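Q: Please take one part of this structure and go through it closely. I would like its geometry, its surroundings and a word on confidence.

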Amino acid sequence: MVHYILITGGVLSGIGKGVIASSTGQLLRSLGFRVTAIKIDPYINIDAGTMSPFEHGEVFVLDDGGEADLDLGNYERFVDLTLNRDNNITTGKIYKNVIDKEREGKYLGKTVQVNTIISLLQIFQNYLNTSRLYRT
């Protein structure tokens with residue numbers, strides 16, 4: 001069974017969310033738990049590759065070529081993980097996933113709307129379940 005620990009701090013940068021996440025991951029790993037890290041950002045950008053380094057810091061390139069912010073690099077080093085592009089989730093990536101499915105006809109001609117928190121949570125959960133996060 002998969003369990004999630006969410007560390008949130010809104011849009012306030014530099015308050016130590018990454019340190020808390022990395023420390024918690026390292027502690028859980030030392031107790032024998034299997035751990036991964038997921039960075040979730042509200043940006044419409046698909047990834048950090050085109051974001052301003054002056055606003056968001058340098059881009060960290062993951063082993064599979066995914067571009068993320070430096071937090072994922074810190075998670076990799078501190079918790080001794082190898083992360084991939086699926087560990088970096090943005091609003092833009094979720095929306096692109098929905099639009100791609102619509103273009104492929106996966107919604108069988110239905111009107112596609114994101115109008116409730118429940119539908120966004122279901123889309124997010126489906127993304128997590130179909131990603132490569134937990135495959136070894």
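A: pLDDT is the predictor's confidence in each residue, on a scale from 0 to 100. The model is predicted, and its protein chain has a mean pLDDT of 83, with 87% of the residues at 70 or more. Confidence is highest in strand 2 (residues 59–61), at a mean of 92, and lowest in helix 5 (residues 117–130), at 71. Where pLDDT is low, the predicted coordinates should not be read in detail.

Helix 1 has 14 residues and spans 20 Å from its first C-alpha to its last, close to the 20 Å expected at 1.5 Å a residue. Just after helix 1, Gly32 has a positive phi of about 95°.

The crossing of helix 1 past helix 3 is right-handed. On the helix 1 side, the contact is made by Gly18, Ala21, Ser22, Ser23, Gly25, Gln26 and Arg29. Helix 3 contributes Asn74, Tyr75, Phe78 and Val79. Of the residues in this contact, six are polar, four nonpolar and one charged. In an α-helix, with 3.6 residues a turn, residues three or four places apart point the same way.

Methods
Residues are numbered from 1 along each chain as its sequence is written. This is a predicted model: local features need pLDDT of at least 70, side-chain atom pairs count only at pLDDT 80 or more; totals for chains, interfaces and linings use all residues. Side-chain values use heavy atoms; hydrogens and water are left out. Helices (H or I, at least four residues) and strands (E, at least two) are DSSP runs, numbered from the N terminus. A crossing is left-handed if the near helix is turned anticlockwise from the far one by less than a right angle, and right-handed if clockwise. Contact means heavy atoms within 4.5 Å. Ala, Val, Leu, Ile, Met, Phe, Trp, Tyr, Cys and Pro count as nonpolar, Asp, Glu, Lys and Arg as charged, and the others, Gly among them, as polar. The expected span of a helix is 1.5 Å times one less than its number of residues.
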